[in-house]
Structure formats: structure tokens, C-alpha cells
Amino acid sequence: MAIIILLIITGLLLLILEFFVVPGITIAGIGGLGMIVAGIFMAYEIDVSTGHITLGATLIATIIILFYALRSKTWNKVMLQSTINSHVDTVEEESIKPGDRGKTITRLNPVGKARVNNQEVEARCQEQFVDPKTEIEVTEVHKTYIIVKPVK
């Protein structure tokens, strides 16, 4: 009788693992279902009334386990509770225009930071790498970055 209970409990645990950890049809789900069926089949081999009791208890246990597993409060304890509070810096179109000059803050290889008109922005140089503190000129202004070239 202990092997029957062990088979059914292990089968239920494998089914829960299948539903919530490894979604899809995998060995855990097939094995869990097989263990439950084998446990119920072994109970029917003992006696028909024992088989009926085992089948009923397994159905009730499955319903109770699914009820508690599908509640949102159950999974709130293991869910990630972080939020993202970041934003993308945008270039103000009025403050920086093509032809404006500035200096690089970091190395542009090909992307880095530059200061143009007292505003720190992301800068890109398509032609070459540009060292820090190099004089640059703005060639294009995009929403989140500028295209620059070094002043010769």
C-alpha cells in the first residue's frame, strides 16, 4: 500500500513540475501521469473498493493541489518583484544643431559620450575612432544620439 501512495504523490509532484517549471510535453509530465495511473492500477489489483477509494482520493488531491497552485498569492512569493525605472536620454533638437562644436568625454569607438552646448549626449563617429577630449563637429542630430566628426 505504501508503494501506491508513493507512486501517486510522486506522480502529482511531477505533474506540478510539468505545468509550472517545464511547460510542454516532457518526460516529467508523461512520467507523472504514468506513475499516477500505475498507482491507481495497483490499487485496483488489491481490491475494487480500494481502487475506487484511491481513484477518488487522487482526483480530490489533484483538484486541491491545482486550486492552491493556480492561486496568484502562491506564486507572488517566488516571483520577481522588481520594476524598471530607467529612461532613454533624448537630444533636444533646439539645443543641438548640425555644425555645432563640442568635445568628446569618452572615446568614440564608434559610440561614446560627448559634450555639445553644455549638454552631455551619446555621440557616434562613423568614420573613425575618436579619443577623449577631442574637438568634434555635429553632422547629424537624431532623437537619442548625434553623429559627429573630428575637427581637423
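These questions and answers walk through a predicted model, from its helices to its strands.

Colleague: How are α1 and α3 oriented to each other, roughly parallel or roughly antiparallel?

Modeller: Helix α1 covers residues 2-20, and helix α3 covers residues 48-70. Their axes come within 11 Å and cross at roughly 30°. Angles under 35 degrees count as roughly parallel. The two helices are therefore roughly parallel.

Colleague: How many charged residues are there in the contact of α1 with α3?

Modeller: From α1 come Ile4, Ile8, Leu12, Ile16, Phe19 and Phe20. They meet Thr54, Thr58, Ala61, Thr62, Ile65, Leu66, Ala69 and Leu70 in α3. By class, that contact has 11 nonpolar residues, 3 polar and no charged.

Colleague: What is the handedness of the crossing where α1 passes α3, and where α1 passes α2?

Modeller: Take α3 to begin with. α1 passes α3 in a right-handed crossing. Where α1 passes α2, the crossing is left-handed.

Colleague: How are α1 and α2 oriented to each other, roughly parallel or roughly antiparallel?

Modeller: The axes of α1 and α2 come within 7 Å. They cross at roughly 155°. Angles over 145 degrees count as roughly antiparallel. So α1 and α2 are roughly antiparallel.

Colleague: How many nonpolar residues does the contact of α1 with α2 have?

Modeller: The contact of α1 with α2 includes 1 charged residue. Polar residues number 6. The nonpolar count is 17.

Colleague: How are α2 and α3 oriented to each other, roughly parallel or roughly antiparallel?

Modeller: Helix α2 spans residues 27-46. Its axis lies 5 Å from that of α3, at an angle of about 155°. The cut-off for roughly antiparallel is over 145 degrees. Hence α2 and α3 are roughly antiparallel.

Colleague: Which residues of α3 meet α2?

Modeller: α2 passes α3 in a right-handed crossing. On the α2 side are Ile36, Ile40, Ala43, Tyr44 and Ile46. The residues they meet in α3 are Val48, Thr50, Gly51, His52, Thr54, Leu55 and Thr58.

Colleague: Is threonine 54 buried or exposed?

Modeller: Threonine 54 is found in helix α3. Its relative accessibility is 9%. Buried means under 20%. Threonine 54 therefore counts as buried.

Colleague: Which residues does threonine 54 touch, not counting residues up to four places away in sequence?

Modeller: Threonine 54 is among the α3 residues that meet α1. It is also among those that meet α2. With residues up to four places away left out, threonine 54 touches Ile4, Ile8, Ile40 and Ala43.

Colleague: In what order do the strands of the closed barrel run?

Modeller: Now the strands. The barrel is closed and has 5 strands, with mixed pairing. The twist averages 55° from one strand to the next. The order is β1-β2-β3-β5-β4.

Colleague: Which residue in β2 does glycine 102 stand opposite?

Modeller: β1 and β2 pair in the antiparallel sense over 3 bridges. A hairpin of 6 residues joins them. Within this pair, glycine 102 stands opposite valine 116.

Colleague: How many bridges join β2 to β3?

Modeller: β2 is residues 111-116, and β3 is residues 119-124. The two run antiparallel. Arginine 115 stands opposite glutamate 120 in β3. The number of bridges is 6.

Colleague: Which residue in β4 does lysine 103 stand opposite?

Modeller: β1 covers residues 101-104, and β4 covers residues 135-141. These strands run antiparallel, joined by 3 bridges. The residue opposite lysine 103 is glutamate 135.

Colleague: How many residues are in the hairpin from β4 to β5?

Modeller: β5 is residues 146-150. It pairs with β4 in the antiparallel sense over 5 bridges. Valine 141 stands opposite isoleucine 146 in β5. The hairpin joins β4 to β5 through 4 residues.

Colleague: Is cysteine 125 buried or exposed?

Modeller: Cysteine 125 is found in the loop between β3 and β4. Its relative accessible area is 2%. The cut-off for buried is under 20%. So cysteine 125 is buried.

Colleague: What separates the C-alpha atoms of cysteine 125 and asparagine 109?

Modeller: Not counting residues up to four places away in sequence, cysteine 125 touches Leu108, Pro110, Val130, Val148, Lys149 and Pro150. Asparagine 109 is 16 residues from cysteine 125 along the chain. Their C-alpha atoms are separated by 7.4 Å.

Technical notes: Residues are numbered from 1 along each chain as its sequence is written. This is a predicted model: local features need pLDDT of at least 70, side-chain atom pairs count only at pLDDT 80 or more; totals for chains, interfaces and linings use all residues. Side-chain values use heavy atoms; hydrogens and water are left out. Axes are lines fitted to C-alpha atoms, for helices over the stretch in contact, and angles run from 0 to 180 degrees between N-to-C directions. Angles under 35 degrees count as roughly parallel, over 145 as roughly antiparallel, 65 to 115 as roughly perpendicular and the rest as oblique. A crossing is left-handed if the near helix is turned anticlockwise from the far one by less than a right angle, and right-handed if clockwise. Contact means heavy atoms within 4.5 Å. Ala, Val, Leu, Ile, Met, Phe, Trp, Tyr, Cys and Pro count as nonpolar, Asp, Glu, Lys and Arg as charged, and the others, Gly among them, as polar. Buried means under 20% relative accessible area, exposed over 50%, partly exposed in between (1.4 Å probe, protein chains only). Two strands pair if DSSP finds at least two bridges between them.
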